[in-house]
Amino acid sequence: MAARKTTKKPNVSAEELKTYYREMLLIRRFEEKAGQLYGMGLIGGFCHLYIGQEAVVVGLEAAAKEGDKRITSYRDHGHMLACGMDPGGVMAELTGREGGLSKGKGGSMHMFSKEKHFYGGHGIVGAQVPLGAGLAFADKYKENGGVTFTYFGDGAANQGQVYETFNMAAIWDLPVVFVIENNQYAMGTSQTRSTSTKDIYHRGEAFGIPGEIVNGMDVLAVKAAGEKAVAHCRAGKGPYILEVKTYRYRGHSMSDPAKYRTREEVQKVREQSDPIEHVRELLLTGKHATEDDLKAIDKEIKEVVNQAAEFSKESPEPSLDELWTDIYA
Amino acid sequence: MATEILMPALSPTMEEGTLAKWLVKEGDTVSSGDIMAEIETDKATMEFEAVDEGIVGKILIAEGTEGVKVNTPIAVLVEEGEDASALPAAAPAAAAVTEAAPAAVEAPASATAPAAPVVDLSPDWPADAEMKSETVREALRDAMAEEMRGDEDVYLMGEEVAEYQGAYKISQGLLDEFGAKRVIDTPITEHGFAGIAVGSAFGGLKPIVEFMTFNFAMQAIDQIINSAAKTLYMSGGQMGCPIVFRGPNGAAARVAAQHSQDYAAWYMQVPGLKVVMPYSAADAKGLLKSAIRDPNPVVFLENEILYGRSFDVPQVDDLTIPLGKARIWREGSDVTIVSFGIGMQYALEAADKLAEDGISAEVIDLRTIRPMDTGAIINSVMKTNRLVTVEEGWPQGSVGSYISSVVMQQAFDYLDAPVITLTGKDVPMPYAANLEKLALITTDEVIAAVKQVTYR
């Protein structure tokens, strides 16, 4: 992972920095709360937390404009919060309640929002990649200038359909940013054990797709790379790959004891490269905010998350006739 | 404020566990993310992290304790200056999950003999419509062309559909009329282009995906089922997938095992999909037009051998036939023969020959396999009391098996003989001409089955 100090001098306003701080903190606190509710048995099944990777989605959302689309796999809570979906609706979906964004029928891995142009939430590793290119295909067909952010992990990067998609995205010049969220572990298998190339974005070169490495622990670096990628797509030059080097602090899912890496490895990233601490430092050292200002933000976020959790507990389970609805349009 | 820390559930199935080791002691300050304890589940030893910051006020469960139930308070976190001993003895926080009572969801009507089902017997086109002989191939092309003229969002994608004019010439002329933007040649990557098409449907388009044959759609079946069929449900009704997957299905001639399989029974199983398998040219046209307009994903199973077959097609503006409506090809009183797709050829030939022997067969073409017009079948069986199903697919889990179970449950008292479900043989398709013939269903087999159920 690139060290934090590689960040160039940020050309960014205090308000922007505070926004990123707030958005990343929302994801972190939300995920911690989700982990807690899982522990209490309120959330069932699979639950994949995004803690550690917050700068990726917050940075890229900062590069998006209204109407742009996004799609990802099942580690998706961060993406939903970053594009503005209601935390209460997300949390209530995690608890399988009527007030959830999929009425409790999708769960942690399957949520969607037409309004926010969020297209899931997909449970089959790699399947969202052609789907994302298809969204971009629709944008190009309709000539609406839209760009689609198609997120997938270093694990999905070994799926064949990813390369089928790279090929078609390239020959058809689809306006899609392929975002490889490289958190170094495909469930429990490290990239070095599963992947022939050190830098996965190089694989795009075989298809003529440009790309680059991005420090995913630095929200400003992510945003800058995102802006470059989006400009490339919007100019009609076809797809672009961002390989964002990031790290997840928690296990693959809630039931993963994470014995494939040392506690020291996790601790080192947390202490030296945490994306939220990074922005916090920028705010404080640049005198853009005081400790008290940040405490106020912390408090505000905690309140938002607590309200989401309350809603997710109070919202009733879906009515039984929901079993039979939404099968056919 | 003091907060209780509860024994966490650390897997989807965990109910209790062993508190193996405390990594903090009373008085320690912890912040979010710090590892507090190691907990052994039935599967693994997991690290348990603090969520809130605070001071460990009291440890309630000693390390080494086994069988600690999920949600039992194991420690108390206090804020600076707070006294843990002031806390009331921690009562176990109630698990907040409401037990979903396995409420009596109404079972589908079964067991009792039915009232006559409601069956749509309305004609598909006006009786005085002018008829013209057309091939199934022409009918399918005309259906696509008409829908593409009517809706800019409809496009066709697949291998060789554009410049080559279709591997089986179904898309002949479409590139010339609609251009390369809407008639799109793909690389030979079924998995990828099916996914791209599904994504484009999420994005507001109405794709028609041609598989050169449905055998190759097995490469793409994850996108058809997991992405296309399930998304409406998974999104709570927000996001549908209007798409048609079409192409030849079933055995052609002498193309052996990997190119000769009938997928009707496979796709029939999937809620969220509609499955169409036409026999005649008129049905191919009317059903494909309806499929393209349908807001749901439709699997449209054609047949290479039927492509060149000619049928009368009504010359009406905008011929559409509703999905889910069977067609009675021939009325009869002694036995019901239900089939679809190329199976209809054997069913109809058999009915002609049986008539010579004085056996009156009613022949029903399902046309749509899902949703299935079981009402039409039940209605007919209530009249004939005998049923033979005919299909090309394999026997185990066949379309006929399902029909047979429905009839047994809904019209048991009307049956005068066991239902016979005729299928292809339970073997991969052989190449040798004589063996291939043996593997396929034949008219003679249909005749023999009818004679068996009519005790002739």
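α10 (residues 374-384) and α11 (residues 399-411) of chain B pack at about 60 degrees, with their axes 10 Å apart. Axes here are lines fitted to C-alpha atoms, for helices over the stretch in contact, and angles run from 0 to 180 degrees between N-to-C directions. Helices are DSSP runs of H or I with at least four residues, strands are runs of E with at least two, and both are numbered from the N terminus. α10(B) passes α11(B) in a right-handed crossing. A crossing is right-handed if the near helix is turned clockwise from the far one by less than a right angle, and left-handed if anticlockwise. From α10(B), the residues B:T374, B:I377, B:I378, B:V381 and B:M382 meet B:I403, B:V406, B:V407, B:Q410 and B:A411 of α11(B). Contact requires C-beta atoms, placed from the backbone, within 7 Å of each other. By class, this contact of α10(B) with α11(B) has 8 nonpolar, 2 polar and no charged residues. Ala, Val, Leu, Ile, Met, Phe, Trp, Tyr, Cys and Pro count as nonpolar; Asp, Glu, Lys and Arg count as charged; the others, Gly among them, count as polar.

The model is predicted, so local features need pLDDT of at least 70 and side-chain atom pairs count only at pLDDT 80 or more, while totals for chains, interfaces and linings use all residues. Residues are numbered from 1 along each chain as its sequence is written, and chains are lettered from A and ligands numbered from 1 in the order in which they are written.

Chain A also has a helix pair. The axes of α1(A) and α11(A) come within 9 Å and cross at roughly 40 degrees. These two helices are therefore oblique to each other. Their crossing is right-handed. On the α1(A) side, A:Y21, A:R22, A:L25, A:L26, A:R29, A:F30, A:K33 and A:L37 take part. They meet A:I297, A:D298, A:I301, A:K302, A:V304, A:V305, A:A308 and A:A309 of α11(A). The residues of this contact divide into 11 nonpolar, no polar and 5 charged.

Helix α11(A) covers residues 291-314, 24 residues in total. From first to last C-alpha, α11(A) reaches 34 Å, close to the 34 Å expected at 1.5 Å a residue. The expected span is 1.5 Å times one less than the number of residues. The buried residues of α11(A) are A:I301, A:V305, A:A308, A:A309 and A:S312. Buried means 20 or more other C-beta atoms within 10 Å of the residue's own, exposed means 12 or fewer, and partly exposed lies in between, with C-beta atoms placed from the backbone. An α-helix has 3.6 residues a turn, so residues three or four places apart point the same way. What covers the buried residues of α11(A) includes α1 (14-39) and α4 (87-94) of chain A.

A:M91 is found in α4 of chain A. A:M91 counts as buried, with 30 C-beta neighbours inside 10 Å. Leaving out residues up to four places away in sequence, A:M91 touches A:A34, A:A308, A:A309, A:F311 and A:S312.

Helix α3 (residues 190-202) of chain B is mostly covered, and 13 of its 13 residues are buried. The end C-alpha atoms of α3(B) are 18 Å apart, which agrees with the 18 Å that its 13 residues should span. B:G204 follows α3(B) and has a positive phi, near 110 degrees.

The contact between the chains takes 52 residues from chain A and 55 residues from chain B. On the side of chain A that touches chain B, α1, α5 (128-142) and α6 (160-171) each supply at least two residues. α5(A) gives the most, with 11 residues. By class, this side of chain A has 24 nonpolar, 17 polar and 11 charged residues.

Some backbone geometry also deserves mention. The peptide bond from A:G120 to A:G121 is cis, with omega near 25 degrees. A:G121 is found in strand β2 (residues 118-121) of chain A. The bond from B:R370 to B:P371 is cis as well, with omega near -5 degrees. B:P371 lies in the loop between β20 (368-370) and α10 of chain B. A:E143, in the loop between α5 and β3 (148-153) of chain A, has a positive phi near 50 degrees. With 8 C-beta neighbours inside 10 Å, A:E143 counts as exposed.

Notes:
Two residues are in contact if their C-beta atoms, placed from the backbone, lie within 7 Å. Angles under 35 degrees count as roughly parallel, over 145 as roughly antiparallel, 65 to 115 as roughly perpendicular and the rest as oblique.
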